[in-house]
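Please read this briefing alongside the sequence and the coordinates.

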Amino acid sequence: MKLVLGLMWLLHWLPLPVLGRFGKFTGSLLFILLRARREITLTNLRLCMPELTEAERVTLARQHFQAYARSIWERGILWWASEARLNRLITVEPGPVPVAEMTAKPTILLCPHFVCLDVAGASIAMVASASSMYVTQKNAAFDQVLRAGRARFKPVKLFTRQDGIKPILRALRDKLPYFMLPDMDFGEKDAEFVPFFGIDAATLTATARIAATTGAQVMPVIATFLPNYQGWRVKFYPVWDNYPGPDMVAATRRMNEFIEERVREAPAEYFWTHKRFKTRPNGEPSLYPRRK
C-alpha cells in the first residue's frame, strides 16, 4: 500500500487530463480482472435499469469502473495539491459554497455515493469546518493518509459507527454541518425496506430521524466529473422543504427518489460495485450470484 500511496503522490503532479486518462485505462483493466465486482455491478444494473440492453449495461458497467478508478487516482490531487489548484479544478454550482446557509442552523449535507464524493468534501473543507462518519481503513498507512487528506484545511470531526449517534447530534447542535452518506446497505438495523429503482432496498432512516431530532435542514450536495477532464462539478441543491415530516418511512422514500433522479443524470458515476440490495425482506433469496 505504501508503494501505491507513493505512486499516487507522484502522479498527482500530472495535468488532470493525463491523470484522468491513466485512471480510465486502469479502470478498463480492473473491469476485466475483478470478475466478482463486475458481476455485482452488472446485477445492480440489470435490477435498476431493465430498459437497457445487456450490451448497454456492459458498456455502462465498464464506464463505471473507469470512473471509479479515475476517482481513486485523482484523490491524490485532493490530498496533496494546493488550494489554488483545487479551486481551479472545482466548479461549485450555483456557487460559491453556501457557508452562511449551512452554518446558520443545524445542517445535514446529504451526499450519496457517487465516485467523486470526496471532491464535495474537499470543496467544503477549504471554507468551513464540518463533521462526517468515517470508516477506519484496514491498512494503517492508507488510513493515516486518508484522514490527513480530509483534515488538511479547516478542522473536521470524524466519527466512527462505534461512536454512536450522540457525537453527531452534539455536532449538529453546535451548527457543525454533518456530511452524511445515506445510501449503503448496512442490514436491517435502523433501516426500512424502501424502493430504490423499484427494488426494495434496506435503507437507513437516519437522515430523517436525525433531522427530526435536531431540527436540522437537509441540503443535498453531489460531485461529478466535468467533461473532457476539466475537473469536477460540485452542485449544492436547495434545502428540502418540510423534511422529514411525521412519517420517517415516507421521508426515507423521498430521499431514495431524489438519489435515483441524480443517478439517472450521471449513471456511470454511481457506486454500482456495492451490493445495494444484499439484505432481503422476509427471507427472500439473494439477488446476487454466488461466488464459485
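Helices are DSSP runs of H or I with at least four residues, strands are DSSP runs of E with at least two, and both are numbered from the N terminus. In these terms, L287 lies in the segment after α11. The model is a predicted one, in which local features need pLDDT of at least 70 and side-chain atom pairs count only at pLDDT 80 or more, whereas totals for chains, interfaces and linings use all residues. Residues are numbered from 1 along each chain as its sequence is written, and side-chain values use heavy atoms, with hydrogens and water left out.

**Surroundings of L287**

- L287 counts as partly exposed because its relative accessibility is 31%, where buried means under 20% relative accessible area, exposed means over 50% and partly exposed lies in between (1.4 Å probe, protein chains only).
- Leaving out residues up to four places away in sequence, L287 touches T43, L47, I199, F277 and R280, a contact being heavy atoms within 4.5 Å.
- Between L287 and K275, which are 12 residues apart along the chain, the C-alpha atoms are separated by 9.2 Å.

**Helix α1**

- In helix α1 (residues 2-11), the buried residues are L5, M8 and L11.
- These residues cover an arc of only 130° around the axis, and therefore they sit on the same side of α1; the arc is taken over the directions from the helix axis to the C-beta atoms.
- K2, L3 and L10 are exposed on the other side of α1, while the buried residues of α1 pack against α2, α4 and α8 (140-150).

**Nonpolar cores**

- A nonpolar core is a set of buried Ala, Val, Leu, Ile, Met, Phe, Trp, Tyr and Cys residues joined through side-chain atoms within 4.5 Å.
- The largest nonpolar core has 45 residues, and those with the most contacts inside it are M49, I108, F196, I210, Y243, V263 and W272.
- Helix α11 (residues 248-265) gives the most to this core, contributing five residues.
- Apart from this core lies another, of 43 residues, among them A122, L158, F179 and A223.
- Y243, if its neighbours within four places in sequence are left aside, is in contact with T207, A208, A211, V218, A251, T252, R254 and M255.

**Aromatic rings and charges over them**

- Rings of Phe, Tyr and Trp (its six-membered ring) pair if their centres lie within 6.5 Å, and planes under 30 degrees apart count as stacked, over 60 as edge-to-face and the rest as tilted.
- By this rule, the count comes to 15 aromatic pairs.
- One of the pairs is that of W9 and W13, which is edge-to-face with 5.8 Å centre to centre and 85° between the planes; W9 counts as partly exposed because its relative accessibility is 40%, whereas W13, with a relative accessible area of 58%, is exposed.
- F31 and F65 form another edge-to-face pair, with 5.4 Å centre to centre and 75° between the planes.
- Because F31 lies in helix α2 (residues 16-33) and F65 in helix α4 (residues 54-80), this pair ties together parts that are 34 residues apart in sequence; F31 and F65 are both buried.
- F114, F196, F197, Y270, W272 and F277 form one aromatic cluster.
- R38 lies over the face of F31 at 5.7 Å from the ring centre, and R276 over the face of F196 at 5.8 Å from the ring centre, where a charge sits over a ring if NZ of Lys or CZ of Arg is within 6 Å of the ring centre and within 35 degrees of the ring normal.

**Salt bridges**

- A salt bridge is a side-chain nitrogen of Lys or Arg within 4 Å of a carboxyl oxygen of Asp or Glu, and by this rule the count comes to 11 salt bridges.
- R70 forms a salt bridge with E74, the closest N and O atoms being 3.0 Å apart, and because R70 and E74 are four residues apart in helix α4, about one helical turn separates them.
- R70 is buried, with a relative accessible area of 10%, and E74 is buried as well, with a relative accessible area of 2%.
- The side chains of R262 and E265, both in helix α11 and three residues apart, meet in a salt bridge of 2.8 Å, N to O; R262 counts as buried at 11% relative accessibility, whereas E265 counts as exposed at 53%.
- E284 forms a salt bridge with R280, the closest N and O atoms being 3.7 Å apart; E284 counts as partly exposed at 41% relative accessibility, and R280 counts as buried at 10%.
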